[in-house]
Amino acid sequence: MFLALVSLSALGERRLEVYFSIYTVIHFACSALYRPRRRWLDVPGGLMFAGFCVIVMRKVLEIIG
Amino acid sequence: MRLHSLRVDRVAGAGLSLIVFGVVFGGYSYLVVGDSTYTALGLACVVLGSVMVMVPGNPVPLSAVRAMVEGSAVNVEALLEEYEARGKAVYLPPRDGRVYCYVPLGEFSDADLAGVLRSPVRVLAGSGGLMVFPPGSEVVRLCDLGEEAGLEDALSYVLVDYLEAVESVKAVEEGDNLVVQVTGPRMETGFPLFAACLGSAVVSVAGCVAAWVKGEPVVFLGEDRVKGSVTARFRVVGLGEE
């Protein structure tokens with residue numbers, strides 16, 4: 001995650017949505033690979049997925065509008 | 001399912017610190033400094049911190065848990081052999097937070113259950129049967145199932161998520177009868193009397209879950225194995241409110 005942060009900032013990326021989307025992908029990829037045991041439901045994953053959906057919807061509305 | 005109580009261990013403490021730092025730093029970077037890179041750094045800290053909080057600090061290796069469950073069946077097998085028990089076990093609703101099993105030594109009817117439920121927990125429950133402590137009982141207690149948990153959800157949580165003892169589990173209830181089907185069982189006891197009286201290891205755990213969730217005695221009727229799946233039959237004995 002920090003590697004992604006350094007890489008994106010080195011490339012001059014200023015949009016927060018890009019960082020958020022990449023973090024979401026990394027989170028789910030790591031969860032699928034390592035399957036960590038959890039105390040409860042994957043709340044961070046759920047929130048990140050919801051945020052990702054909001055970002056995608058906003059982009060779609062931008063394109064349509 | 002009830003929320004697991006958050007035991008503040010070191011990993012969770014570090015996670016909470018990261019969350020607090022991330023929120024403060026990210027908020028300050030976004031609102032005051034207006035820099036998206038630092039905001040992203042704060043966001044990354046929040047995400048990592050929340051993952052650290054959600055992951056238990058010292059998980060016991062699953063293979064060790066399964067080995068302990070399988071190994072604890074040895075004592076039960078020895079008891080069953082000593083008393084030549086052949087009856088089908090009745091998984092009793094939890095007492096002092098633990099599910100016990102009553103294995104009748106002879107003829108047994110539902111009417112005898114009321115007496116068994118009232119009697120103290122001793123190995124020899126009167127002259128009628130044995131009271132044994134099935135391996136799955138402690139597993140069910142540790143899972144901290146809520147009273148409002150549905151049966152199939154509880155079975156799935158214990159057998160698939162917690163123990164990873166099976167690949168999938170389905171439960172069908174028809175009146176008093178309960179059929180539980182599991183696929184890909186990964187735990188075996190290899191003890192014939194245990195399997196005959198209480199069911200195989202995963203079936204025994206399923207029986208404990210059923211007794212816990214239902215809050216009533218659950219009689220093990222039998223099980224069938226077909227190509228990597230096990231189908232167990234139970235009967236719930238409704239004793240009603242006393």
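The model is predicted. Chain B contains nine helices and eight strands, and 38% of its 242 residues are buried.

**Chain B and its contact with chain A**

- Among the contacts in chain B with a separation of 6 or more, 59% join residues 24 or more positions apart.
- Chain B contributes 18 residues to the contact between the chains, and chain A contributes 19 residues.
- The side of chain B that touches chain A has 13 nonpolar and five polar residues, with no charged residues.

**Helix α2 of chain A: length and end**

- Helix α2 of chain A covers residues 16-34, and its 19 residues should span 27 Å at 1.5 Å a residue.
- A:R35 follows α2(A) and has a positive phi, near 45°.

- The buried residues of α2(A) are A:Y19, A:F20, A:Y23, A:T24 and A:H27.
- These residues lie on the same side of α2(A) because they cover an arc of only 135° around the axis.
- An α-helix has 3.6 residues a turn, so residues three or four places apart point the same way.
- A:A29, A:A32 and A:L33 are exposed on the other side of α2(A).
- The cover over the buried residues of α2(A) comes from both chains, including α1 (2-10) and α3 (43-64) of chain A and α2 (36-54) of chain B.

Conventions:
Residues are numbered from 1 along each chain as its sequence is written. Chains are lettered from A and ligands numbered from 1 in the order in which they are written. This is a predicted model: local features need pLDDT of at least 70, side-chain atom pairs count only at pLDDT 80 or more; totals for chains, interfaces and linings use all residues. Helices (H or I, at least four residues) and strands (E, at least two) are DSSP runs, numbered from the N terminus. A residue is buried if 20 or more other C-beta atoms lie within 10 Å of its own, exposed if 12 or fewer, and partly exposed in between; C-beta atoms are placed from the backbone. Two residues are in contact if their C-beta atoms, placed from the backbone, lie within 7 Å. Ala, Val, Leu, Ile, Met, Phe, Trp, Tyr, Cys and Pro count as nonpolar, Asp, Glu, Lys and Arg as charged, and the others, Gly among them, as polar. The expected span of a helix is 1.5 Å times one less than its number of residues. The arc is that of the directions from the helix axis to the C-beta atoms.
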